[in-house]
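The following note sets out several points on the model under review. Please read them alongside the sequence and coordinates.

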Amino acid sequence: MTDEKLQMFRNRLTKVFRHISKQARRQHISCYRIYDHDLPEFPFCIELYGDHVYLAEYKRHHSMDDDMHDAWLAQCFTIISEILELPADKIYLRQRQRKPGRQGQYEKLGTGQKFFIAEEAGLKFKINLTDYLDTGLFLDHRITRNMVKGESANKNVLNIFCYTGSFSVYAASGGAANVVSVDLSKTYLQWAEENMQLNNLLDKQKHQFIHADATQYLDELTPGFFDLVIMDPPTFSNSKRMKDFLDIQRDHVTLLNKTLHAMKNGGLLYFSTNYRRFQFDSDNIRASSVKDITKATTPFDFQGKLFRYCYKIIK
């Protein structure tokens with residue numbers, strides 16, 4: 001890697017960090033994305049969580065041998081550390097493949113168990129930058145989470161495919177009557193419960209954490225109970241713990257209609273998917289209203305780089 005290329009990376013990162021960090025400070029946001037593959041020679045995703053840096057290198061074919069690659073990474077670390085004004089030991093490297101959706105979120109990659117607490121909108125969340133591909137908080141849904149909080153007062157809320165429960169925390173902080181969080185992973189359910197505890201919101205009478213295959217769980221729900229539902233499923237899942245595999249393009253109509261059956265008339269469902277080629281079959285959704293809110297829920301740090309869809313569905 002030539003000095004000229006490295007200087008290009010330095011210049012680009014300096015420019016985007018100056019611009020994005022200014023917006024983040026103005027909005028009192030401490031967790032945000034800085035860089036996402038802006039230059040093809042530097043296939044990184046860089047996110048800031050308070051004073052910790054998540055650095056993901058997307059896998060690709062390159063001509064560097066292992067020693068050259070290590071030296072190149074060390075140079076990149078130095079540049080990132082200098083521009084973000086954080087020590088190199090605050091930068092956590094992950095290597096990942098670009099995949100449609102969030103297929104890898106349940107895959108444990110390490111055993112460091114290095115957790116720290118980050119804040120968003122006055123709420124606290126456990127973050128892990130060492131053991132999983134994903135950090136525990138999907139930054140692209142920052143706006144959507146605030147929308148959920150604003151809609152949650154005195155509502156019966158279901159967060160299905162809940163991951164680490166950030167939507168559940170927002171719903172509880174918004175005064176939800178009860179919050180049911182469902183996921184196939186016991187690890188993430190425990191994480192979700194700990195996030196609720198962190199915010200002094202956990203109430204066993206009001207908050208349930210259910211270990212279940214979401215696709216089967218929907219068949220068991222009482223009709224007309226929930227007022228508000230959040231559904232952010234993986235694009236594809238073939239976990240051995242599931243009765244069948246999930247393909248969100250194939251299955252979204254069935255999933256959404258089952259969910260709507262469990263909701264009150266006028267109830268609100270937020271549905272999101274990361275499948276880039278997703279085609280929403282609105283004609284077969286049994287709802288009174290479907291609105292694409294992708295643009296409205298795209299944060300400033302993801303403008304032009306967010307490959308997910310988000311819908312507001314009213315029964």
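Contact, as used below, means heavy atoms within 4.5 Å. The model is a predicted one.

1. Thr294 sits in the loop that joins strand 14 (289-292) to strand 15 (309-314). Leaving aside neighbours within four places in sequence, Thr294 is in contact with Arg308, Tyr309 and Cys310. A polar atom of the Thr294 side chain lies 3.0 Å from the backbone nitrogen of Cys310.

2. Is Thr294 buried or exposed? Its relative accessible area is 14%; the cut-off for burial is under 20%, so Thr294 counts as buried.

3. Helix 1 (residues 3-26) comprises 24 residues. From its first C-alpha to its last, helix 1 reaches 34 Å, close to the 34 Å expected at 1.5 Å a residue. After helix 1 comes His28, which has a positive phi, near 60°.

4. The buried residues of helix 1 are Leu6, Phe9, Leu13, Val16, Phe17, Ile20, Ser21, Gln23 and Ala24. Their cover includes strand 1 (31-36), strand 2 (44-49) and helix 2 (66-84).

5. Two packed helices are described by the angle between their axes and the distance between the axes. For helix 3 (residues 142-151) and helix 4 (residues 166-173), the axes come within 7 Å and cross at roughly 35°. The crossing of helix 3 with helix 4 is right-handed.

6. Which residues make this contact? Helix 3 contributes Thr144, Arg145, Asn146, Val148 and Lys149, while helix 4 contributes Ser166, Phe167, Tyr170, Ala171 and Ser173. By class, the contact of helix 3 with helix 4 has four nonpolar, four polar and two charged residues.

Definitions and conventions: Residues numbered from 1 in each chain as written. Predicted model: local features only at pLDDT ≥ 70, side-chain atom pairs only at ≥ 80, totals over all residues. Heavy atoms only, no water. Axes fitted to C-alpha atoms, helices over the stretch in contact; angles between N-to-C directions. Helix = DSSP H or I, 4+ residues; strand = E, 2+ residues; numbered from the N terminus. Left-handed = near helix turned anticlockwise from the far one by under 90°. Nonpolar A, V, L, I, M, F, W, Y, C, P; charged D, E, K, R; others polar. Buried < 20%, exposed > 50% of the residue type's maximum accessible area, 1.4 Å probe, protein only. Polar contact = N/O pair within 3.5 Å; in protein donor to acceptor, adjacent residues only side chain to side chain. Expected span 1.5 Å × (residues − 1).
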